Amino acid sequence: MIQQNDDGLPLGLGMALAQQPGAMAAFAALSEQGQQAVIAQAHQVRSRAEMHALVASLTDSAPRA
């Protein structure tokens, strides 16, 4: 079971975003649909390394919808 905070953000995603301020800013700049897409990807993550890679991809890629 994936734990979520009150905003529906998976805890692992929130923690990884907190460790990378640039990625947190990129996530915040996404549309609601873009944020939901990242959250859906986070639900598929099975390791800390995968979560960090997902979060790092927010600053490595072009803006998402």
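Helices are taken here as DSSP runs of at least four residues, numbered from the N terminus. On that basis, the place of Pro 10 is in the segment before H1. The model described is a predicted one.

The protein contains four helices and zero strands, and its elements follow the order α-α-α-α along the sequence. Of the 65 residues in the protein, 29% are buried. Among contacts with a separation of 6 or more, 54% are between residues 24 or more positions apart.

Pro 10 has a relative accessibility of 2% and therefore counts as buried, the cut-off being under 20%. Pro 10 and Ala 40 are 30 residues apart along the chain, and their C-alpha atoms are separated by 9.5 Å.

Gly 22, Ala 23, Ala 26 and Phe 27 in H2 meet Val 55, Leu 58 and Thr 59 in H4.

Gly 34, Gln 35, Val 38, Ile 39 and Ala 42 are the buried residues of H3. Viewed down the helix axis, these residues fall within an arc of 140°, so they line one face of H3.

The loop between H3 and H4 holds Val 45. With a relative accessibility of 15%, Val 45 counts as buried. When residues up to four places away in sequence are not counted, Val 45 touches Glu 50, Met 51 and Leu 54. The C-alpha atoms of Val 45 and Leu 13 are separated by 9.5 Å, although the two residues are 32 residues apart along the chain.

H4 covers residues 48–60. From its first C-alpha to its last, this helix of 13 residues reaches 18 Å, close to the 18 Å expected. Met 51, Leu 54, Val 55, Ser 57 and Leu 58 are buried in H4. The arc that they cover around the axis is only 145°, which puts them on the same side of H4. Helices H1 (11–19), H2 (21–29) and H3 (32–44) are included in what covers these buried residues. The face of H4 turned away from the buried side carries the exposed residues Arg 48, Ala 49 and Asp 60.

Met 51 touches Gly 12, Leu 13, Ala 16, Ala 42 and Val 45, leaving out residues up to four places away in sequence. Leu 54 has a relative accessible area of 9% and is therefore buried. With the corresponding neighbours left out, Leu 54 touches Val 38, Gln 41, Ala 42 and Val 45. The C-alpha atoms of Leu 54 and Ala 23 are separated by 9.7 Å, with the two residues 31 residues apart along the chain.

In soluble globular proteins, nonpolar side chains tend to be buried together. The largest nonpolar core in this model has 15 residues, of which Leu 13, Leu 17, Phe 27, Met 51 and Leu 58 touch the most other members. H1, H2, H3 and H4 each supply at least two residues of this core. The most come from H4, which gives four residues.

Key. Residues are numbered from 1 along each chain as its sequence is written. This is a predicted model: local features need pLDDT of at least 70, side-chain atom pairs count only at pLDDT 80 or more; totals for chains, interfaces and linings use all residues. Side-chain values use heavy atoms; hydrogens and water are left out. The expected span of a helix is 1.5 Å times one less than its number of residues. Buried means under 20% relative accessible area, exposed over 50%, partly exposed in between (1.4 Å probe, protein chains only). The arc is that of the directions from the helix axis to the C-beta atoms. Contact means heavy atoms within 4.5 Å. A nonpolar core is a set of buried Ala, Val, Leu, Ile, Met, Phe, Trp, Tyr and Cys residues joined through side-chain atoms within 4.5 Å.
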